[in-house]
Amino acid sequence: MAVNFPPSFPDKQALLAACAICANDCYYFDRKVGYKSYIRELRDLRMEESNNQAGIQYAVYRVIRPGPHKNKSIMAIRGTGSKGSLALNLDLVDPEQILAHFLPGTFGDIEKVSEGWSKVRAAVQVVLSAVGQFTPDYITGHSLGGLIAEVVASDTRTPGFSFNCPGPVALVTETSFLNPATGKWKGLYFEVHLRERDPIAHLNDSHHINRDIVWYGGWDHRMERLVTDIRGKKPSMWCCCGSG
């Protein structure tokens, strides 16, 4: 299994904040919640959803904050931001059991695609290719983007963080997207940060790349709100719980 960054890791809090800001910015590129203090996007390396058949969107950023991580690169993968990426989410789970129950207004008008697993794997392949090309120092993502970040990390051994995402395992079949050669990502620094009452974060929450999850209070799924909590460093929001 992957493991959390150790307490001795240089300025881990700043790296966590930078990755969280990237995971938020890659939705709409609106440069909110700490962008100007921590990161800059490498605009030429951006892939927008409309430019690929897999419906994936990612961006690459450079850390500008002074300290041990300055000039490190971070690839961030967008989560659900449109009906195209909602369809990818639907393909990971049984929407009648889970997503349609929690979010009927959002998911009720989207037809589930029978070839869902191949579509999700196609999205992973797009990101794998990009990581091979750009070799980012870290990888991150929120929601669907976090799930894909975990899968890619298990193949490339790229450290990073995922936020409020389902575990990368099919709910019904329990088929994992993670690299089956678990030795390849054993001991990798990769953290999973989830909300305690977010229903999306609880999907397959025992099947992440790292089961020593960092839990935050509340139910808000939005990445922007989680960035605010991370930058605020509120002790009451944190609880590490290993699940074996």
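**Exercise 1. Find the volume of the largest cavity, then say what lines it.**

Start with the volume: the largest cavity comes to about 50 Å³. A cavity here is a set of points, on a 1 Å grid over the protein atoms alone, where a 1.4 Å probe fits but cannot get out; its volume is the space filled by probe spheres set on the points, which are joined across faces, edges and corners. This is a predicted model, where local features need pLDDT of at least 70 and side-chain atom pairs count only at pLDDT 80 or more, while totals for chains, interfaces and linings use all residues. Residues are numbered from 1 along each chain as its sequence is written, and side-chain values use heavy atoms, with hydrogens and water left out.

Next, the lining (residues with an atom within 4 Å of a point): among them are Asp11, Tyr38, Arg65 and His69. Helix 1 (residues 12–28) gives the largest share, three residues; helices are DSSP runs of H or I, at least four residues, and strands are runs of E, at least two, numbered from the N terminus.

**Exercise 2. How many disulfides are there, and where does Cys19 stand?**

Take a disulfide as a pair of cysteine sulfur atoms within 2.5 Å. The count is zero. For Cys19, the nearest cysteine sulfur belongs to Cys22, 6.1 Å away.

**Exercise 3. Why is strand 7 largely enclosed?**

Check burial along residues 212–216: four of the five are buried, so the rest of the structure largely encloses strand 7. Then look at its partner: strand 6 (residues 190–195) runs parallel to strand 7, joined by three bridges. Across the pair, His193 sits opposite Val214.

Methods
On a 1 Å grid over the protein atoms alone, a cavity is a set of points where a 1.4 Å probe fits but cannot get out, and a pocket is an open set with protein on both sides within 12 Å along at least five of seven lines; lining residues have an atom within 4 Å of a point. Buried means under 20% relative accessible area, exposed over 50%, partly exposed in between (1.4 Å probe, protein chains only). Two strands pair if DSSP finds at least two bridges between them.
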